[in-house]
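Take a look at the sequence and the model, and then we will walk through some of their parts together.

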Amino acid sequence: MTEQFSRRDFLKLAGLGAATTAILTGCGPASRYVKREPYQQMPEYNSVGQSTYYATTCRECAAGCGLVVRTYQGRALKTEGNANHPLNLGKTCARGQATLHGLYNPDRVQAPSTGDWDSAIQTVADALKNYKPGEVAFLMGMAPDHLFDLVSDLANATGMNGPVRYGALGMFEARATLSKAAENLFGQAGLPWFDLGGAQVVFSFGANFLETWLSPLPYTRGFVGLREGETKLRGTFVQFEARMSATGAKADHWVPVRPGTEGLVALAIGKLASELRGGAMPRVFSSVNPAEVAESAGVELEALHHLAEMFVNFNVLAIPGGAALGQSNGLEIAEAVLALNALSDNFGKPGGVYLSALAPNQTETSRPASAEEMAAFVEKMKSGAIKALFVHGVNPVFELPAALGFKDALANVELFSFATFPDETAAEAKHVFPDHHGLESWGYQRVATGVSLPVLSGAQPVVSPFYDTRATADVLIAAAKLAGGKFAEALPFADEVEFIQSKVGALMSEASGSFSAADAATFMAYFQQYGGWFKNADALIAPDGSGVLNGNVKAAEPEFAGEGEFFFVPFVSPTLAEAGANKPWLQELPDPTTTVMWNTWVEINPETAHELGLQNDDMVRIVSEAGEVEAYVYLYPAIRPDTIAMPFGQGHTAYGRYAEKRGANPADLFGVHFNEAGDLAFGGMKVKVEKVRAAQSGVGLARLESRIGVYGEALGEEH
Amino acid sequence: MTNAIPEVKLAEEHVGKWGMVINQDICTGCQACVAACAMENNITFVGEEDSGYGRSMHWIRIERFWEGEYPEVKMTPNQPMLCQQCGSAPCEPVCPAFATVHSTAESLNLQVYNRCVGTRYCANNCPYQVRSFNWRDYERPEPLPNQFNPDVTVRRRGVMEKCTFCIQRIHKAQDEAKSEGREVMDGEFTTACAQACPATAITFGRTDDPQSLVSQLAHKGHGVKHLEELGTLPSVTYFKGG
Amino acid sequence: MADHKHDAGHAHTEEHFREKHLMLDPLPRGQMNDMVMESMTGKPGWKFWTAVIILSGIVAYGLVYSWAKMIAEGVGIAGVNRPSYWGIFLVNTVFWIGISHAGTFISAILRVFKAEFRRPFTRAAELMTTFGLVQAGFSVFMHMGRVWLSYWLFPYPNQRMLWPNLHSPLTWDLLAITTYLLSSTMYLFLPLIPDMAMARDRSTGWRKNLYKALALGFRGTEGEWTHLRHAMNIFAFAIIPVMFSVHTIVSWDFAAATRPGWNSTIFGPYFVVGALHSGMGAAVIVLAVIRSNMKHMDYFIRAEHFDAIGKLMLIISMTWAYFFFNDYMVQWYGGDKWTHQLLHFHEAGPLGWMWFAMLFCNVVVPWAILWNTKWRSTPWLVSTVGIIINVGMWFERYIIVPISLTINRAPFTWRMYTPGVEIPLGIGTLALFILLYVLASKLIPLIPVWEVQEGQMAHELKKFGRETVVSVSELE
């Protein structure tokens with residue numbers, strides 16, 4: 001450059017540079033990691049005072065939302081949604097925002113338990129070599145998919161057990177039940193996708209789609225579409241559930257049906273609607289007696305009539321989900337509610353029911369293990385069929401109901417934990433070989449549901465690893481190499497990145513993708529830059545609902561285990577979910593319905609509490625057939641008097657200073673009962689409530705809300 | 001610093017510069033805005049005891065009440081409550097140290113942390129109760145401080161703080177626009193809460209630009225400005241909907 | 001009072017007058033001076049040292065240690081929260097400023113109106129003003145989040161051209177309190193000069209040096225007396241508006257805010273009267289303590305003084321009740337829903353008992369007791385009423401500050417307030433207040449001897465036939 005270059009020009013250029021930063025990064029760093037460097041050795045693509053933005057995939061849940069992380073001198077400062085990502089369109093949930101409190105959590109596993117990685121890899125290699133392939137098992141979380149693929153490849157090539165995936169969210173969502181119901185009704189398994197945005201009326205039977213259910217961000221977008229559609233009137237939303245969830249709180253009508261009667265209510269509404277419409281009564285609804293159902297569900301027949309009338313004028317979308325499916329008759333409920341959609345004939349139509357699109361490198365629908373499958377897995381551990389267990393991305397000691405006996409079964413296996421945080425499973429493990437945090441990791445995640453396009457969400461490290469951690473994929477590749485033979489052949493990669501390139505590179509040949517490139521390196525660079533790859537063509541599967549109306553859905557009554565007098569509704573904390581408890585800012589987020597922070601509560605109807613002589617902040621013991629937990633009472637005005645509810649997410653015995661010894665875990669109450677699809681019937685029990693001690697002044701639930709202002713306490717106006 | 005008693009204006013006539021529209025009908029109460037705000041603005045967490053005693057530091061909180069009795073009980077629409085950036089703010093005149101002053105350039109209420117001596121008068125006088133006080137030096141153990149946003153001051157004990165409409169983002173966008181010789185475009189940037197909101201219930205932008213999305217939304221229907229009868233001229237418009 | 005019945009030959013009526021009225025019961029100047037000197041310089045007994053040690057201990061823990069801890073850890077160790085951002089700190093500030101009011105009221109207003117009964121206790125009252133303001137200052141600085149920067153609230157020239165905000169009632173407050181503290185200290189000092197001169201002439205050692213310095217060379221010439229009277233006259237008139245303005249301005253801290261329950265136009269006079277109410281109550285306690293614990297003080301402080309102050313207390317109590325009713329009525333009639341909530345919360349909230357206790361202490365008790373001359377002339381009874389009134393007035397301020405702060409226009413934030421370190425801090429200020437008195441009793445004459453003497457010179461008993469009448473000649 002021969003011209004004079006003034007400071008002003010320089011600043012102008014710098015400004016332009018800043019504007020384009022977000023677009024250029026991603027293909028920037030040639031090295032694997034951005035290093036935290038002093039000013040003197042600033043990498044050339046990094047300049048003082050300028051932030052660098054990296055696209056990656058959120059790992060707080062398995063939905064696969066795209067993130068853009070602002071980094072500054074090698075530190076991650078802020079996560080934002082990736083606006084180009086079709087799943088979340090630039091939005092994030094609270095957990096996505098707080099992911100940095102995971103990255104920089106003061107309680108992370110900082111080094112392998114063996115002290116150095118060479119011996120760690122040797123340990124893994126020895127386990128691969130010394131155990132028979134059938135004795136080695138992998139238990140993995142619902143994310144990330146690239147590691148799942150890597151382990152699957154390894155298992156396929158060596159005869160090890162295929163990796164089993166599990167997550168508490170999957171259990172509470174009853175994914176197996178949803179999938180099975182779809183299979184029974186449509187002859188095709190898959191994860192149903194409900195197009196809320198296009199619907200006129202939504203009947204949700206326990207689906208907490210605005211909280212944690214399946215993929216909350218797209219469902220929130222759908223909900224906004226329902227309310228705010230440009231070309232239509234504000235849609236109506238009816239929620240059927242015994243305890244008002246944060247989702248139910250947004251409903252126009254909240255119908256507190258008795259737990260387990262959701263399917264019957266759906267069929268009764270279907271019958272009443274069919275009667276209103278005239279013509280032949282569809283076989284599927286013919287067997288129910290609406291008056292009896294109203295009686296059994298604890299709602300007015302009049303109300304059911306009123307709801308049925310909506311079918312005359314509107315297209316109604318009925319969604320089964322959440323607590324409703326975690327009943328002994330959960331599968332029947334799912335089928336009955338799905339069948340209700342047949343009245344609106346909305347299968348595979350806008351505003352209706354679809355089956356989720358398969359992701360780009362996915363050939364068949366997959367789901368995490370059901371509780372019944374996990375029980376079988378535990379059985380194998382107990383019987384000694386499994387001798388070495390590798391756990392990654394899941395915390396089964398906490399996330400599996402204690403009654404399944406996973407923790408006890410661990411005594412029979414050599415446990416390898418790849419936990420990033422010192423969770424309960426890591427505490428039990430002989431070897432802890434910490435993986436990076438999600439923001440330090442490479443990877444990809446298949447978007448399982450939530451968007452009509454097939455999306456493969458890409459992850460790249462946005463900062464260099466903070467501690468002496470190592471990618472589990474790298475550990476396995478290195479260990480396989482060390483073990484030699486078929487192991488080395490199964491994973492012929494230099495490292496994780498090469499493995500991902502091999503998988504992602506396969507998409508280059510696909511037509512109509514979000515981008516294309518001539519060579520693999522460029523394709524991979526774009527993949528990082530855009531935070532993933534997606535097909536441009538709508539790939540939702542239209543289910544065949546032709547046989548639904550004349551099909552057969554059992555109108556089963558639910559069964560309840562245990563002696564107690566109360567139905568029990570456990571629900572996933574919308575802010576903490578299964579793994580948020582160690583992030584202090586998630587702990588300090590008020591629960592959307594109760595505004596409680598940092599603790600676990602038991603929701604009891606004020607009338608019931610009055611009868612039991614209970615008040616806010618009394619400590620009670622909840623006793624089920626399988627166990628007991630203690631928590632503070634919260635007088636919750638929107639719950640059936642015969643039902644109590646508790647959030648899942650706290651009650652950790654390990655998992656760092658912010659999670660440990662805080663609150664209670666309702667999963668400790670779960671007995672081992674499954675519905676017909678193999679999901680845990682976590683709602684299928686009755687519990688007892690015993691007062692442990694009365695509320696003490698200065699001790700109790702931390703609420704954001706004012707008990708005086710919201711409930712009129714201390715003003716003589718309690719309600 | 002104002003020198004004269006401001007003219008009495010009706011809230012409808014007040015324009016201001018930056019404004020927000022919040023649609024309560026679609027707000028799901030998911031707390032993403034609260035988390036995003038905390039992450040962007042280096043807000044400290046205070047722990048169970050203090051947060052239960054009314055000392056949480058949220059700059060934005062979601063309020064909700066109950067209507068009716070079971071089974072006809074309803075939760076009122078979620079109401080995200082944050083600094084309303086009043087045009088005539090009750091917090092401003094009462095600060096003896098000029099720590100809470102009005103920015104005539106941005107039409108915002110500023111909180112000058114290093115000028116604050118902690119009389120807490122502003123918080124008493126805020127009808128929206130959206131100011132948070134640093135009651136202690138809350139511990140943020142290493143390496144959590146790595147996440148601090150370098151554009152936002154980290155506050156110590158004894159200092160009042162509140163929502164700034166992400167003024168660091170405003171300034172950044174203005175600097176960029178200036179260096180490119182243009183005006184800041186609508187939608188070019190937004191606040192952390194609006195950016196995160198999965199329901200797009202929060203819209204932020206220029207209220208003095210009638211073409212901006214926020215202006216158009218604000219004039220769309222039956223928007224409400226909270227406690228406008230006090231003459232505070234708030235910059236946030238709420239839609240209850242339903 | 002047996003020791004000063006020096007002239008038994010007088011008629012019964014005259015005797016009666018002498019016994020009852022200090023002004024009519026003169027003693028030789030020298031003897032009176034000696035009495036005061038003895039009460040001051042006498043060797044302190046075990047009672048004195050016990051009091052000093054206990055009070056110093058409380059001050060060291062309550063004020064020094066607790067405050068240092070709060071400065072180091074933050075205001076979080078107190079009970080203040082959202083929405084009760086102020087709490088007991090401001091309760092105590094208002095309380096102590098209230099206490100300080102009686103001093104000026106007694107010494108300035110009663111002096112201006114030539115209320116003769118004031119003479120023996122103007123000094124004690126003025127000390128109350130100064131010592132009370134010190135506690136008020138401590139209380140208001142304590143409450144600040146960053147007290148080490150409190151000098152920013154004063155207008156001082158600085159490079160950054162920063163000035164305190166003159167729109168803020170707190171700035172007015174600070175200026176008013178500072179003015180009041182300075183002027184009341186000077187007003188305390190002026191009448192002290194002749195007594196210092198008296199003490200100088202009757203002491204030795206360090207005391208002599210101290211009093212010499214404080215007496216400013218006062219010799220008691222006619223010119224000096226004239227100048228002194230002029231100065232005191234000017235101060236007495238000037239300090240009255242200052243006194244009224246200070247508590248009015250304190251009330252504006254609340255009344256100028258937008259909060260329900262605070263935004264009341266009547267708060268100015270209401271606070272002034274409330275201040276006098278608690279101040280007179282405190283004055284009577286101080287007098288009773290001095291009278292019973294210091295030598296010769298029962299000569300100077302007599303039942304007639306309790307009777308006179310008792311009358312004042314009764315009238316002030318009635319005035320307070322009127323303003324209370326006025327304030328309540330106007331706020332209630334205003335019909336604002338938040339104010340209604342607040343008034344309801346005052347009476348029916350968890351601390352509703354305090355509201356009723358306030359009315360009982362401030363109205364019922366004084367009205368029930370102080371109407372009776374005999375009861376009014378009983379020192380222990382009147383001072384007990386004084387204590388009760390001060391409890392009631394402290395409750396009143398507690399209701400105005402933390403209880404009213406609980407209720408605002410954002411019901412989602414309503415929250416009760418539980419005091420924390422405010423309690424040791426508050427007790428610390430009380431202990432310091434008493435300690436200052438205890439120490440002052442050994443350093444300066446708590447009785448303005450010259451004023452008493454001056455009064456006695458002006459009063460005499462004259463006999464018209466069988467009738468004995470009091471004659472007062474104009475002195476000033």
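Which residue of β24(A) is the bridge partner of A:Phe566? The partner is A:Val687.

## Before we start

This is a predicted model, in which local features need pLDDT of at least 70, side-chain atom pairs count only at pLDDT 80 or more, and totals for chains, interfaces and linings use all residues. Residues are numbered from 1 along each chain as its sequence is written, while chains are lettered from A and ligands numbered from 1 in the order in which they are written.

## A buried strand in chain A

Let us go back to A:Phe566 and the strand it sits in. Helices (H or I, at least four residues) and strands (E, at least two) are DSSP runs, numbered from the N terminus. Strand β18 covers residues 566-572 of chain A, and 7 of its 7 residues are buried, so the strand is largely enclosed by the rest of the structure. Buried means that 20 or more other C-beta atoms, placed from the backbone, lie within 10 Å of the residue's own.

In a regular strand the side chains alternate between the two faces of the sheet. Here A:Phe566, A:Phe568, A:Pro570 and A:Val572 point one way, and A:Phe567, A:Val569 and A:Phe571 point the other way.

## Its two partners

Two strands pair if DSSP finds at least two bridges between them. β18(A) runs antiparallel to strand β24 (residues 686-693) of chain A, joined by 2 bridges. With strand β23 (residues 643-648) of chain A, the pairing is parallel and spans 6 bridges. In β23(A), A:Ala645 is the bridge partner of A:Val569.

## A three-stranded sheet

Chain A also has an open sheet of 3 strands, in the order β15-β16-β17, with antiparallel pairing. Its edge strands, β15 (443-446) and β17 (532-534), each pair on one side only. β15(A) is joined to β16(A) (residues 455-459) by 4 bridges, and A:Tyr444 has A:Gly458 as its bridge partner there.

## How confident is the model?

The predictor's confidence in each residue, pLDDT, goes from 0 to 100. Chain A has a mean of 90, with 92% of its residues at 70 or more. Confidence is lowest in helix α1 (residues 7-24) of chain A, with a mean of 43, and highest in strand β20 (residues 601-604) of chain A, at 97. Over residues 1-31 of chain A the pLDDT is below 50. Where pLDDT is low, the predicted coordinates should not be read in detail.

Conventions: Two residues are in contact if their C-beta atoms, placed from the backbone, lie within 7 Å. A residue is buried if 20 or more other C-beta atoms lie within 10 Å of its own, exposed if 12 or fewer, and partly exposed in between; C-beta atoms are placed from the backbone.
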